[in-house]
Amino acid sequence: MAKATFRVWRGDASGGGFQDYATEISEGMVVLDAIHQIQAEQANDLAVRWNCKAGKCGSCSAEVNGQPRLMCMTRLNQLDLTQPVTIEPMRAFPLIRDLVSDVSWNFRAKKGIRKFAPRSADSPDGTWRMAQVDVERVQEFRKCIECFLCQDVCHVLRDHRMFDAFVGPRHLVYAAALEMNPLDVDDRTRSLKQEHGIGYCNITKCCTAVCPEGITITDNAIIPLKERVIDQLYDPIAKVFRVLRGGRHV
């Protein structure tokens, strides 16, 4: 049976390094299969986070050959096995141990986005009327499995460590799902600019490239939100109307 070498990060927040493991591989295996095999046969104490093994829970996010990916959805036949396959934890977040990163900041950041605020029912039976095209617009965003690969690849978080100023693409998708919901009446424009730092995104589309659900993060979520911020807070005519209505200057 064929063998492949996997160069796996071992260590914790205090330090560590890569260690090579050679293990048998077979047709149809994914990276997570190889990690489980190494864990069972050679490194019983190897820490790895996973759950569904079906690409729907987002737990097994890691970096494979330097690319943020779900280990359960990365097939070995997609990789060059003549060279060691490097597997390491997501580097945008604090390391816990081995392949496990601490992603808890994401859940705290999400709480900072104002929640769904539905308008009053517009029908006597207590229901709403809305166009199907408006309903479908936000369905794409609901596919997010919170794997945080988009957060990991975002240079604002990964390279510049601006966690206090920028919520990242995953949470901008969440905000877009609320802002574009035909029932929602809240206006998060000022929050997107000030608290959530949408201006720091320079639309490189790296987040879209790594999304395992194929969500068009940049074009369908972030850019429309940026346009709303510009239209409402920087358009000179809109500013005149805000002044006449007693609104604040930006």
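**Salt bridges and burial**

Author: Aspartate 184 and arginine 188 form a salt bridge through their side chains, at 2.9 Å from N to O. This is a predicted model, in which local features need pLDDT of at least 70, side-chain atom pairs count only at pLDDT 80 or more, and totals for chains, interfaces and linings use all residues. Residues are numbered from 1 along each chain as its sequence is written, and side-chain values use heavy atoms, with hydrogens and water left out.

Reader: Why is the contact between aspartate 184 and arginine 188 called a salt bridge?

Author: The term requires a side-chain nitrogen of Lys or Arg within 4 Å of a carboxyl oxygen of Asp or Glu. The pair has its N and O at 2.9 Å, so the contact is a salt bridge.

Reader: What makes arginine 188 buried?

Author: Its relative accessible area is 2%. Buried means under 20%, exposed over 50%, and partly exposed in between (1.4 Å probe, protein chains only), so arginine 188 is buried. Aspartate 184, with 10%, is buried too.

Reader: How many salt bridges does the structure hold?

Author: There are 17.
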